[in-house]
Amino acid sequence: MKIHEYQSKNILEEHGIKIPRGLTAFSETEAISLVKEIGYPCVIKAQIHAGGRGKGGGVAIVDSHAEATDFIRKTINKPLVTHQTGPKGKLVNRLLIEEAIDIKQELYVSILLDRSEEVPLIMASTEGGVEIEQVAEEQPEKIVKEFIDPGFGPQAYQLRRLAFKLGLEGKAFKQSLKYFLNLYRAFVETDAKLIENNPLVITGDDDVIALDAKIKFDDNALYKHKDFLELRDTSEEDPDELKASEYNLNYIKLDGEVGCMVNGAGLAMATMDIIKHYGAQPANFLDVGGIASSETVANGFRVLLSHSNLKSVLINIFGGIVRCDRVASGIVEAIKTLDVDIPVVIRLKGTNAEKASEILKNSDLDFTVAENLEEAAKMAVAAAD
(Lines give C-alpha, C1' and ligand atoms only; values in the text may rest on other atoms or scores of the structure.)
Protein backbone atom coordinates (compact mmCIF):
# COMPACT_ATOMS: atom_id res chain seq x y z
CA MET A 1 0.00 0.00 0.00
CA LYS A 2 1.25 3.46 -0.94
CA ILE A 3 0.69 6.62 1.06
CA HIS A 4 1.26 10.31 0.38
CA GLU A 5 4.47 12.20 1.02
CA TYR A 6 3.09 14.16 3.98
CA GLN A 7 1.85 10.93 5.60
CA SER A 8 5.24 9.29 5.07
CA LYS A 9 6.99 12.26 6.65
CA ASN A 10 4.74 12.14 9.70
CA ILE A 11 5.67 8.49 10.24
CA LEU A 12 9.37 9.21 9.83
CA GLU A 13 9.15 12.10 12.28
CA GLU A 14 7.59 9.73 14.83
CA HIS A 15 10.73 7.61 14.43
CA GLY A 16 13.13 10.49 15.10
CA ILE A 17 13.86 11.64 11.54
CA LYS A 18 13.89 15.40 10.94
CA ILE A 19 11.44 16.81 8.38
CA PRO A 20 10.57 20.37 7.30
CA ARG A 21 7.80 22.16 9.17
CA GLY A 22 4.70 21.71 7.03
CA LEU A 23 0.90 21.70 6.84
CA THR A 24 -1.51 19.91 4.51
CA ALA A 25 -4.42 21.59 2.73
CA PHE A 26 -7.44 19.89 1.15
CA SER A 27 -8.97 22.90 -0.58
CA GLU A 28 -7.96 26.12 -2.31
CA THR A 29 -9.18 28.27 0.57
CA GLU A 30 -7.37 26.19 3.18
CA ALA A 31 -4.14 26.19 1.15
CA ILE A 32 -4.12 29.98 0.80
CA SER A 33 -4.67 30.31 4.55
CA LEU A 34 -1.94 27.81 5.47
CA VAL A 35 0.63 29.49 3.23
CA LYS A 36 0.31 32.59 5.39
CA GLU A 37 0.84 30.46 8.50
CA ILE A 38 4.03 28.85 7.15
CA GLY A 39 5.37 32.17 5.82
CA TYR A 40 7.56 33.06 2.84
CA PRO A 41 9.51 31.72 1.14
CA CYS A 42 7.77 28.36 1.23
CA VAL A 43 7.37 25.27 -0.92
CA ILE A 44 4.00 24.04 -2.19
CA LYS A 45 3.91 20.40 -3.32
CA ALA A 46 1.10 18.52 -5.04
CA GLN A 47 0.33 15.26 -3.25
CA ILE A 48 -0.21 12.34 -5.63
CA HIS A 49 1.09 8.78 -5.71
CA ALA A 50 3.62 9.38 -8.49
CA GLY A 51 7.15 10.60 -8.95
CA GLY A 52 8.33 13.40 -11.20
CA ARG A 53 6.05 15.99 -9.60
CA GLY A 54 8.66 18.71 -9.82
CA LYS A 55 9.31 18.22 -13.52
CA GLY A 56 5.56 17.98 -14.12
CA GLY A 57 4.92 21.38 -12.55
CA GLY A 58 3.54 20.09 -9.27
CA VAL A 59 6.12 21.71 -6.98
CA ALA A 60 6.82 25.43 -6.58
CA ILE A 61 8.92 27.66 -4.34
CA VAL A 62 6.92 30.84 -3.77
CA ASP A 63 8.07 34.16 -2.33
CA SER A 64 4.80 36.06 -2.14
CA HIS A 65 1.07 35.75 -1.59
CA ALA A 66 0.42 36.42 -5.27
CA GLU A 67 2.76 33.62 -6.40
CA ALA A 68 1.29 31.20 -3.87
CA THR A 69 -2.32 31.98 -4.82
CA ASP A 70 -1.59 31.62 -8.53
CA PHE A 71 0.13 28.23 -8.09
CA ILE A 72 -2.54 26.89 -5.73
CA ARG A 73 -5.37 27.82 -8.13
CA LYS A 74 -3.54 26.22 -11.06
CA THR A 75 -2.80 23.01 -9.16
CA ILE A 76 -5.44 21.89 -6.66
CA ASN A 77 -8.38 19.94 -8.11
CA LYS A 78 -6.52 19.81 -11.44
CA PRO A 79 -4.84 16.78 -13.07
CA LEU A 80 -1.06 16.62 -12.78
CA VAL A 81 0.80 14.77 -15.52
CA THR A 82 4.22 13.23 -14.80
CA HIS A 83 6.25 10.48 -16.41
CA GLN A 84 4.68 8.04 -13.92
CA THR A 85 1.01 9.03 -14.23
CA GLY A 86 0.35 8.44 -17.91
CA PRO A 87 -1.15 11.06 -20.25
CA LYS A 88 -4.34 11.50 -18.20
CA GLY A 89 -2.43 12.43 -15.06
CA LYS A 90 -3.75 12.23 -11.51
CA LEU A 91 -6.12 14.63 -9.82
CA VAL A 92 -4.47 16.74 -7.11
CA ASN A 93 -6.85 16.86 -4.14
CA ARG A 94 -4.36 17.95 -1.47
CA LEU A 95 -1.27 20.15 -1.16
CA LEU A 96 1.68 20.04 1.24
CA ILE A 97 2.94 23.48 2.23
CA GLU A 98 6.39 23.52 3.85
CA GLU A 99 9.01 25.96 5.02
CA ALA A 100 11.82 26.53 2.55
CA ILE A 101 15.06 24.78 3.54
CA ASP A 102 18.61 26.10 3.07
CA ILE A 103 20.06 23.21 1.05
CA LYS A 104 23.81 22.63 0.91
CA GLN A 105 23.75 19.08 -0.45
CA GLU A 106 21.16 16.65 -1.80
CA LEU A 107 21.48 12.91 -1.21
CA TYR A 108 19.48 9.82 -2.07
CA VAL A 109 18.77 7.22 0.64
CA SER A 110 16.39 4.27 0.68
CA ILE A 111 15.88 1.02 2.52
CA LEU A 112 14.13 -1.99 1.04
CA LEU A 113 14.14 -5.77 1.13
CA ASP A 114 16.74 -7.12 -1.28
CA ARG A 115 15.18 -10.29 -2.65
CA SER A 116 18.42 -11.76 -3.99
CA GLU A 117 20.17 -11.54 -0.62
CA GLU A 118 16.93 -11.88 1.38
CA VAL A 119 17.94 -9.13 3.81
CA PRO A 120 17.20 -5.40 4.21
CA LEU A 121 19.36 -3.16 2.02
CA ILE A 122 20.29 0.46 2.73
CA MET A 123 21.12 2.16 -0.55
CA ALA A 124 22.51 5.69 -0.82
CA SER A 125 23.95 8.06 -3.38
CA THR A 126 25.37 11.55 -3.59
CA GLU A 127 23.06 12.11 -6.58
CA GLY A 128 19.98 13.19 -4.64
CA GLY A 129 16.94 14.55 -6.44
CA VAL A 130 17.60 12.28 -9.43
CA GLU A 131 15.73 9.07 -10.27
CA ILE A 132 17.82 6.25 -8.83
CA GLU A 133 17.25 4.18 -11.99
CA GLN A 134 18.95 6.92 -14.00
CA VAL A 135 21.88 7.00 -11.58
CA ALA A 136 22.20 3.20 -11.71
CA GLU A 137 22.33 3.30 -15.50
CA GLU A 138 24.60 6.30 -15.99
CA GLN A 139 26.73 6.44 -12.81
CA PRO A 140 26.48 3.08 -11.01
CA GLU A 141 29.69 3.80 -9.09
CA LYS A 142 27.84 6.54 -7.21
CA ILE A 143 25.45 4.09 -5.54
CA VAL A 144 26.63 2.64 -2.22
CA LYS A 145 24.96 -0.32 -0.54
CA GLU A 146 24.95 -1.94 2.87
CA PHE A 147 23.19 -5.26 3.42
CA ILE A 148 21.80 -5.54 6.95
CA ASP A 149 21.62 -8.81 8.86
CA PRO A 150 18.12 -8.67 10.39
CA GLY A 151 19.28 -10.75 13.33
CA PHE A 152 21.73 -8.05 14.42
CA GLY A 153 20.48 -4.89 12.76
CA PRO A 154 22.75 -2.23 11.23
CA GLN A 155 26.24 -2.23 12.71
CA ALA A 156 28.09 0.96 13.58
CA TYR A 157 30.86 0.29 11.04
CA GLN A 158 28.24 -0.07 8.27
CA LEU A 159 26.65 3.27 9.09
CA ARG A 160 30.02 5.00 9.31
CA ARG A 161 30.96 3.50 5.95
CA LEU A 162 27.79 4.87 4.38
CA ALA A 163 28.45 8.33 5.81
CA PHE A 164 32.10 8.30 4.67
CA LYS A 165 31.14 7.26 1.13
CA LEU A 166 28.60 10.07 0.99
CA GLY A 167 31.37 12.50 1.87
CA LEU A 168 29.81 13.66 5.14
CA GLU A 169 31.84 15.32 7.87
CA GLY A 170 31.44 16.86 11.33
CA LYS A 171 27.91 17.53 12.53
CA ALA A 172 26.33 16.13 9.35
CA PHE A 173 28.34 12.92 9.76
CA LYS A 174 27.12 12.42 13.33
CA GLN A 175 23.51 13.25 12.47
CA SER A 176 23.57 10.84 9.53
CA LEU A 177 24.47 7.92 11.81
CA LYS A 178 21.40 8.62 13.94
CA TYR A 179 19.32 9.09 10.79
CA PHE A 180 20.34 5.68 9.36
CA LEU A 181 19.48 3.95 12.64
CA ASN A 182 16.07 5.62 12.81
CA LEU A 183 15.39 4.84 9.16
CA TYR A 184 16.05 1.16 9.78
CA ARG A 185 13.87 1.20 12.88
CA ALA A 186 11.03 2.81 10.93
CA PHE A 187 11.41 0.20 8.17
CA VAL A 188 11.19 -2.72 10.60
CA GLU A 189 8.51 -1.36 12.93
CA THR A 190 6.13 -0.35 10.13
CA ASP A 191 6.67 -3.55 8.07
CA ALA A 192 7.52 -1.40 5.07
CA LYS A 193 8.54 -2.71 1.67
CA LEU A 194 10.30 0.53 0.85
CA ILE A 195 11.23 3.78 2.53
CA GLU A 196 12.85 6.37 0.29
CA ASN A 197 14.16 9.88 0.92
CA ASN A 198 14.94 11.57 -2.37
CA PRO A 199 16.31 13.98 -1.60
CA LEU A 200 17.67 13.71 1.90
CA VAL A 201 19.36 17.08 2.37
CA ILE A 202 22.23 18.54 4.32
CA THR A 203 21.34 22.10 5.29
CA GLY A 204 23.59 25.12 5.60
CA ASP A 205 23.73 24.36 9.35
CA ASP A 206 24.69 20.72 8.64
CA ASP A 207 21.33 19.33 9.75
CA VAL A 208 20.12 16.13 8.07
CA ILE A 209 16.51 16.54 6.90
CA ALA A 210 14.19 14.32 4.84
CA LEU A 211 13.02 16.79 2.20
CA ASP A 212 10.94 14.19 0.40
CA ALA A 213 9.64 10.83 1.59
CA LYS A 214 8.00 7.75 0.16
CA ILE A 215 6.77 4.70 2.07
CA LYS A 216 5.26 1.53 0.66
CA PHE A 217 3.82 -0.94 3.17
CA ASP A 218 3.76 -4.71 2.91
CA ASP A 219 0.06 -5.49 2.36
CA ASN A 220 0.52 -8.88 4.04
CA ALA A 221 1.44 -7.14 7.31
CA LEU A 222 -1.32 -4.53 7.38
CA TYR A 223 -3.36 -6.66 9.78
CA LYS A 224 -0.79 -5.61 12.40
CA HIS A 225 -1.18 -1.92 11.57
CA LYS A 226 -4.89 -1.16 11.40
CA ASP A 227 -4.14 2.56 11.79
CA PHE A 228 -2.22 2.56 8.50
CA LEU A 229 -5.39 1.56 6.64
CA GLU A 230 -6.80 4.98 7.51
CA LEU A 231 -3.98 6.52 5.44
CA ARG A 232 -5.14 4.81 2.24
CA ASP A 233 -6.28 7.19 -0.51
CA THR A 234 -8.45 5.10 -2.83
CA SER A 235 -8.81 8.02 -5.26
CA GLU A 236 -5.17 7.41 -6.19
CA GLU A 237 -5.76 3.76 -7.11
CA ASP A 238 -6.84 2.29 -10.42
CA PRO A 239 -10.64 1.65 -10.22
CA ASP A 240 -10.28 -1.90 -11.56
CA GLU A 241 -7.50 -2.75 -9.13
CA LEU A 242 -9.55 -1.25 -6.31
CA LYS A 243 -12.55 -3.38 -7.29
CA ALA A 244 -10.34 -6.48 -7.42
CA SER A 245 -9.01 -5.79 -3.92
CA GLU A 246 -12.61 -5.67 -2.65
CA TYR A 247 -13.04 -9.16 -4.09
CA ASN A 248 -9.73 -10.30 -2.51
CA LEU A 249 -8.23 -10.88 -5.95
CA ASN A 250 -4.60 -10.17 -6.82
CA TYR A 251 -4.95 -8.00 -9.92
CA ILE A 252 -2.68 -5.62 -11.82
CA LYS A 253 -3.98 -3.84 -14.90
CA LEU A 254 -1.77 -3.82 -18.00
CA ASP A 255 -2.11 -2.38 -21.51
CA GLY A 256 -2.62 -5.58 -23.53
CA GLU A 257 -5.65 -7.26 -25.07
CA VAL A 258 -5.64 -10.84 -23.75
CA GLY A 259 -7.13 -11.19 -20.28
CA CYS A 260 -5.65 -13.78 -17.93
CA MET A 261 -7.40 -15.58 -15.09
CA VAL A 262 -5.06 -17.95 -13.29
CA ASN A 263 -4.71 -19.61 -9.88
CA GLY A 264 -1.22 -19.01 -8.54
CA ALA A 265 1.22 -16.15 -9.06
CA GLY A 266 3.91 -18.27 -10.72
CA LEU A 267 1.43 -19.79 -13.15
CA ALA A 268 0.05 -16.32 -13.87
CA MET A 269 3.54 -15.05 -14.78
CA ALA A 270 4.11 -18.06 -17.05
CA THR A 271 0.74 -17.47 -18.71
CA MET A 272 1.60 -13.83 -19.38
CA ASP A 273 4.97 -14.86 -20.83
CA ILE A 274 3.48 -17.38 -23.26
CA ILE A 275 0.86 -14.88 -24.44
CA LYS A 276 3.69 -12.48 -25.31
CA HIS A 277 5.64 -15.34 -26.91
CA TYR A 278 2.81 -15.94 -29.38
CA GLY A 279 2.52 -12.32 -30.38
CA ALA A 280 -0.01 -10.60 -28.11
CA GLN A 281 0.13 -8.61 -24.90
CA PRO A 282 -1.48 -9.61 -21.59
CA ALA A 283 -4.22 -7.25 -20.40
CA ASN A 284 -3.61 -8.01 -16.76
CA PHE A 285 -2.13 -10.10 -14.02
CA LEU A 286 -4.98 -11.86 -12.18
CA ASP A 287 -4.42 -14.51 -9.54
CA VAL A 288 -7.74 -15.81 -8.21
CA GLY A 289 -5.94 -17.71 -5.46
CA GLY A 290 -6.11 -21.29 -4.33
CA ILE A 291 -9.91 -21.45 -4.20
CA ALA A 292 -11.12 -20.85 -7.76
CA SER A 293 -14.83 -21.17 -6.92
CA SER A 294 -17.75 -19.98 -9.01
CA GLU A 295 -17.80 -16.80 -6.95
CA THR A 296 -14.11 -15.99 -7.46
CA VAL A 297 -14.36 -16.80 -11.18
CA ALA A 298 -17.43 -14.56 -11.53
CA ASN A 299 -15.68 -11.73 -9.67
CA GLY A 300 -12.62 -12.25 -11.85
CA PHE A 301 -14.77 -11.83 -14.97
CA ARG A 302 -16.34 -8.68 -13.50
CA VAL A 303 -12.90 -7.14 -13.15
CA LEU A 304 -11.62 -8.35 -16.53
CA LEU A 305 -14.63 -7.16 -18.51
CA SER A 306 -14.15 -3.57 -17.33
CA HIS A 307 -10.88 -3.42 -19.31
CA SER A 308 -11.51 -1.35 -22.45
CA ASN A 309 -8.83 -3.11 -24.54
CA LEU A 310 -9.94 -6.67 -23.75
CA LYS A 311 -10.41 -8.88 -26.85
CA SER A 312 -10.16 -12.41 -25.42
CA VAL A 313 -9.75 -14.21 -22.10
CA LEU A 314 -7.49 -17.14 -21.24
CA ILE A 315 -8.46 -19.10 -18.11
CA ASN A 316 -5.54 -21.24 -17.00
CA ILE A 317 -6.22 -23.30 -13.86
CA PHE A 318 -4.10 -26.02 -12.34
CA GLY A 319 -6.17 -28.16 -10.00
CA GLY A 320 -4.22 -29.42 -7.01
CA ILE A 321 -6.07 -28.94 -3.76
CA VAL A 322 -8.81 -27.33 -5.83
CA ARG A 323 -10.54 -29.92 -8.01
CA CYS A 324 -10.82 -29.06 -11.69
CA ASP A 325 -14.42 -30.25 -11.93
CA ARG A 326 -15.46 -27.74 -9.28
CA VAL A 327 -13.61 -25.01 -11.13
CA ALA A 328 -15.32 -26.02 -14.40
CA SER A 329 -18.72 -25.84 -12.75
CA GLY A 330 -17.79 -22.42 -11.38
CA ILE A 331 -16.77 -21.20 -14.84
CA VAL A 332 -20.02 -22.41 -16.41
CA GLU A 333 -22.10 -20.80 -13.67
CA ALA A 334 -20.16 -17.54 -13.87
CA ILE A 335 -20.44 -17.20 -17.64
CA LYS A 336 -24.17 -17.93 -17.46
CA THR A 337 -24.74 -15.13 -14.96
CA LEU A 338 -22.55 -12.54 -16.70
CA ASP A 339 -22.74 -11.01 -20.16
CA VAL A 340 -19.45 -12.34 -21.54
CA ASP A 341 -19.36 -11.33 -25.20
CA ILE A 342 -15.69 -11.99 -26.02
CA PRO A 343 -13.90 -15.27 -26.85
CA VAL A 344 -12.96 -17.36 -23.79
CA VAL A 345 -10.30 -20.08 -23.91
CA ILE A 346 -10.07 -22.52 -21.00
CA ARG A 347 -7.26 -24.83 -19.99
CA LEU A 348 -7.72 -26.99 -16.89
CA LYS A 349 -5.16 -29.51 -15.67
CA GLY A 350 -4.80 -31.46 -12.46
CA THR A 351 -7.18 -33.27 -10.15
CA ASN A 352 -10.37 -34.42 -11.93
CA ALA A 353 -9.35 -32.69 -15.17
CA GLU A 354 -11.25 -35.25 -17.29
CA LYS A 355 -14.48 -34.60 -15.40
CA ALA A 356 -13.90 -30.89 -15.82
CA SER A 357 -13.47 -31.30 -19.57
CA GLU A 358 -16.79 -33.15 -19.78
CA ILE A 359 -18.59 -30.43 -17.82
CA LEU A 360 -17.24 -27.74 -20.12
CA LYS A 361 -17.92 -29.62 -23.35
CA ASN A 362 -21.45 -30.61 -22.30
CA SER A 363 -22.46 -27.04 -21.49
CA ASP A 364 -24.23 -24.99 -24.15
CA LEU A 365 -21.91 -22.02 -23.68
CA ASP A 366 -19.65 -20.56 -26.34
CA PHE A 367 -16.06 -21.04 -25.23
CA THR A 368 -13.05 -23.06 -26.33
CA VAL A 369 -11.39 -25.84 -24.34
CA ALA A 370 -7.65 -26.38 -24.86
CA GLU A 371 -5.67 -29.50 -24.03
CA ASN A 372 -2.49 -27.73 -22.96
CA LEU A 373 -1.16 -24.25 -22.21
CA GLU A 374 0.60 -23.82 -25.55
CA GLU A 375 -2.59 -24.59 -27.45
CA ALA A 376 -4.61 -22.34 -25.14
CA ALA A 377 -2.24 -19.42 -25.61
CA LYS A 378 -2.30 -19.75 -29.39
CA MET A 379 -6.11 -19.83 -29.37
CA ALA A 380 -6.42 -16.81 -27.08
CA VAL A 381 -3.93 -14.79 -29.14
CA ALA A 382 -5.66 -15.73 -32.42
CA ALA A 383 -9.05 -14.79 -30.95
CA ALA A 384 -7.70 -11.36 -30.02
CA ASP A 385 -6.63 -10.52 -33.59
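Biologist: What makes the 4 strands an open sheet, and in which order do they stand?

Modeller: In this predicted model, the 4 strands stand in the order 1-6-2-3, with antiparallel pairing. The two ends of that order are edge strands: strand 1 and strand 3 (59-62) each pair on one side only. Neighbouring strands are turned by 20° against each other on average, direction ignored.

Biologist: How do you know that strand 1 and strand 6 pair?

Modeller: Two strands pair if there are at least two bridges between them. Strand 1 and strand 6 (residues 95-99) are joined by 4 bridges and run antiparallel, so they count as paired. Within this pairing, Thr24 stands opposite Leu96 of strand 6.

Biologist: Which helices touch these strands?

Modeller: Helix 1 lies across strand 1, strand 2 (42-46) and strand 6, and runs at about 50° to strand 6. Helix 3 (residues 65-75) also packs on the sheet, where it touches strand 2, strand 3 and strand 6. The direction of helix 3 makes about 165° with that of strand 3.

Biologist: Which strands does strand 7 pair with?

Modeller: Strand 7 (residues 103-114) pairs with strand 10 (residues 192-203) in the antiparallel sense over 8 bridges. Another 7 bridges join strand 7 to strand 8 (residues 119-125), again antiparallel. Val109 has Asn197 in strand 10 as its bridge partner, while Ser110 has Met123 in strand 8. Strand 7 and strand 8 form a hairpin with 4 residues between them, and Glu118 in the turn has a positive phi of about 60°.

Biologist: Which residues of helix 5 and helix 6 make the contact?

Modeller: Helix 5 contributes Leu159, Arg160, Leu162, Ala163 and Phe164. From helix 6 come Phe173, Ser176, Leu177, Phe180 and Leu181.

Biologist: What makes Tyr6 and Phe26 an edge-to-face pair?

Modeller: The structure holds 4 aromatic pairs, and Tyr6 with Phe26 is one of them. Their centres lie 6.5 Å apart and their planes stand at 85°. Planes over 60 degrees apart count as edge-to-face, so the term applies. Tyr6 belongs to helix 1 (residues 5-14) and Phe26 to the loop between strand 1 (22-25) and helix 2 (28-38), 20 residues apart.

Biologist: Why does Tyr6 count as buried?

Modeller: Buried means under 20% relative accessible area, and Tyr6 has 11% relative accessibility, so it is buried. Phe26, at 43%, is partly exposed, because exposed requires over 50%.

Biologist: Why is the pair of Phe164 and Phe173 called tilted?

Modeller: The ring centres of Phe164 and Phe173 are 5.0 Å apart, with the planes at 50°. Stacked would need under 30 degrees and edge-to-face over 60, so the pair is tilted.

Biologist: Are Phe164 and Phe173 buried or exposed?

Modeller: Phe164 has 57% relative accessibility and so counts as exposed, the cut-off being over 50%. Phe173 has 13% relative accessible area and is therefore buried.

Note on methods:
Residues are numbered from 1 along each chain as its sequence is written. This is a predicted model: local features need pLDDT of at least 70, side-chain atom pairs count only at pLDDT 80 or more; totals for chains, interfaces and linings use all residues. Side-chain values use heavy atoms; hydrogens and water are left out. Rings of Phe, Tyr and Trp (its six-membered ring) pair if their centres lie within 6.5 Å; planes under 30 degrees apart count as stacked, over 60 as edge-to-face and the rest as tilted. Buried means under 20% relative accessible area, exposed over 50%, partly exposed in between (1.4 Å probe, protein chains only). Contact means heavy atoms within 4.5 Å. Axes are lines fitted to C-alpha atoms, for helices over the stretch in contact, and angles run from 0 to 180 degrees between N-to-C directions.
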